[in-house]
Amino acid sequence: MIPLCIPEIRGNEWKYIKECLDTNWVSSVGKFVDRFEEEFAKYNEVKSAVVTMNGTAALQLALVALGVGEGDEVIVPSMTFISSVNAIKYVGAIPVFVDVDRETFVMDVNKVEELITEKTKAIMPVHIYGYPVEMDELNGIAKKYNLFVIEDATEALGTLYKGKLAGTLGDVGCFSFNGNKLITTGAGGMLITNNEELGKKAKYLSNQTKTITENGAMYHEEVGYNFRMPNILAAMGVAQLEKVDEYLEVKRRNARLYNDLLKGVKGITLTKEVDYVDNCYWLYSILVEDDFRMSRDELLNVLKEIGIQARPFFLPVHAMKPYSGSKCGDMNVTIDVSNRGINLPSSVSLTEEEVRIICDVIKNK
Ligand SMILES: Cc1ncc(COP(=O)(O)O)c(C=O)c1O
């Protein structure tokens, strides 16, 4: 069995978590919470980082902190994990769906402007499977219309766009440390920003807007949220972050091998490579075209029977029950890509031999 994407736990995780248990610092304050935020901010070269209980909470927190709420429109791709869209819904805002690009599977920035109305308040680019949205163009549009940019970088830790890290390119970037992500805390998330005031506000909102009065009582000025991450999980996060560059190197090495072995296979389209993008390759992805010798779903079945865990691309969110009837642009590429896409095994523990086996099945079985 070759799994799709499993965690890699071979650093200081046990040591740091044991320290939390031994010292009784298990809850939402503690040195590892502070360290995880500081070290994540340092890694991404940003001023503020606020840790949360998951990536969805980080996205919701970003929207609330920026003042996006009731009746505001937020432009988001339909081909994403539903969390991006649900976060918009949670704050009472309205998701407006934009199509994706055929070669990169991420938001097509050329189709964003036509969806902007006087109600639009923000754009949420999602760096799907690790590939970054064309952020220079998108930031240009956001500037022109005075919109916030909230990057859903949950799948793109370590991705570089024109030398800058994904998640640092908009007003706020959000990450996930779910078990299948590049680094994991079991469940967890992080919000990052270069706007220190915004970072402070997000931290305050994530902790029930708690302040302490002179005699030590708790006072709350606004309705806040309990989005905090416990010290035990932050301890795991610190240990995982120590390994992030090593893990990225393996992911990229395996992606290069996939590219070499699958290049030129009739009916298989690879993810676009351009010189100004260094994809983290969170999930290595291909499209199965009409001239491949079998359908996308037949290939998924062949892989499954051999014990190779692959996954079809995300289904378009705009066609799911909670969002049917939502405002959308043309969704032709989204539907096409969603019907053709496959994520191939991408764990850090994936060996070169396993990549060769997978590619051999795609080419010959
Ligand atoms: C694109 C995208 N957005 C948001 C999330 C939400 O993250 P979490 O599962 O940590 O809430 C995920 C991952 O799960 C994701 O893949």
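The charged end of Lys162 sits over the ring of Tyr276, 5.0 Å from its centre; a charge counts as sitting over a ring if NZ of Lys or CZ of Arg is within 6 Å of the ring centre and within 35 degrees of the ring normal. Arg35 is likewise found over the face of Tyr16, at 5.3 Å from the ring centre. The model is predicted, with local features needing pLDDT of at least 70 and side-chain atom pairs pLDDT 80 or more, while totals for chains, interfaces and linings use all residues. Residues are numbered from 1 along each chain as its sequence is written, and side-chain values use heavy atoms, leaving out hydrogens and water.

Across the whole structure, 14 aromatic pairs are found (rings of Phe, Tyr and Trp, the last by its six-membered ring, with centres within 6.5 Å; planes under 30 degrees apart are stacked, over 60 edge-to-face, the rest tilted). Phe97 and Tyr323 have ring centres 6.2 Å apart and planes at 75 degrees, so this pair is edge-to-face. The two residues are 226 residues apart in the chain, with Phe97 in strand E3 (residues 94–98); a strand is a DSSP run of E with at least two residues, and a helix one of H or I with at least four, numbered from the N terminus. Both Phe97 and Tyr323 are buried (under 20% relative accessible area, with a 1.4 Å probe and protein chains only; exposed is over 50%, partly exposed in between). Tyr129 and Phe313 make a tilted pair, 4.8 Å centre to centre with 50 degrees between the planes. One aromatic cluster contains Phe81, Phe105, Tyr129, Phe313 and Phe314.
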